[in-house]
Amino acid sequence: MSPDPADLARLHGLAFLHPRPWSEAEFCALLARADTLTIAAPEGFAMGRVTLDEAELLTIAVAPDARRGGLGGRLLGRFLEGARIRGATTVFLEVDSLNTAARALYAAAGFTQVGLRRNYYRDGPVMSDALVLRRSLP
């Protein structure tokens, strides 16, 4: 059964305020694509795309009251396994350089920095860089 776009939008809204949470319509559009891979749990989800041998993790959202319990790591692990099953050998993602919790999660999962997008994210007047991370899949 496919995840409900309204549930995904609600969870994304709880997890992200900046630059803005994704809308239900945006989740509908992503879920309609054949290359979208979504791993969902009641308190969070991971979503990305798999095209040929590459995957891109678009977002991981965990409700604030469910954080620090390992859910993000479990969602990421299930996403990586799903991408591998679909034929991906490499996974890419972008993360805000100021998001230390996400950076730690990705480092623990074996991601390394391969690029930088300067001033990519905006939180009010504060600009921050996007780190482009990569990980090979076995």
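Guide: Helices here are DSSP runs of H or I with at least four residues, strands are DSSP runs of E with at least two, and both are numbered from the N terminus.
Visitor: Which pattern does the protein chain follow along the sequence?
Guide: The protein chain reads α-α-β-β-β-α-β-α-β-β, which comes to four helices and six strands. The radius of gyration, taken over C-alpha atoms, is 14 Å, close to the 14 Å that the globule rule gives for 138 residues, so the chain is as compact as a globular protein of that length; that rule is 2.2 Å times the number of residues to the power 0.38.
Visitor: And what should I keep in mind about the model?
Guide: This is a predicted model, in which local features need pLDDT of at least 70 and side-chain atom pairs count only at pLDDT 80 or more, while totals for chains, interfaces and linings use all residues. Residues are numbered from 1 along each chain as its sequence is written, and side-chain values use heavy atoms, with hydrogens and water left out.
Visitor: Which residues of helix α1 are buried?
Guide: With buried meaning under 20% relative accessible area, exposed over 50% and partly exposed in between (1.4 Å probe, protein chains only), the buried residues in α1, which covers residues 5–15, are Pro 5, Leu 8, Ala 9, Leu 11, His 12 and Ala 15. They cover an arc of only 165 degrees around the axis, which puts them on the same side of α1; the arc is that of the directions from the helix axis to the C-beta atoms.
Visitor: What do the buried residues of α1 pack against?
Guide: They pack against α2 (24–31) and against the strands β1 (36–41), β2 (44–51) and β3 (54–62), where contact means heavy atoms within 4.5 Å. Across the protein chain, residues 24 or more positions apart account for 54% of the contacts with a separation of 6 or more.
Visitor: Switching to the loops, where does Leu 52 lie?
Guide: Leu 52 lies in the loop between β2 and β3, is exposed with a relative accessible area of 73%, and has a positive phi of about 55 degrees although it is not a glycine. Most residues other than glycine have a negative phi.
Visitor: What about Arg 68, buried or exposed?
Guide: Arg 68 counts as exposed, at 82% relative accessibility, and is found in the loop between β3 and α3, with a positive phi near 70 degrees. Asp 65 also has its place in the loop between β3 and α3 (71–85), and at 68% relative accessibility Asp 65 counts as exposed.
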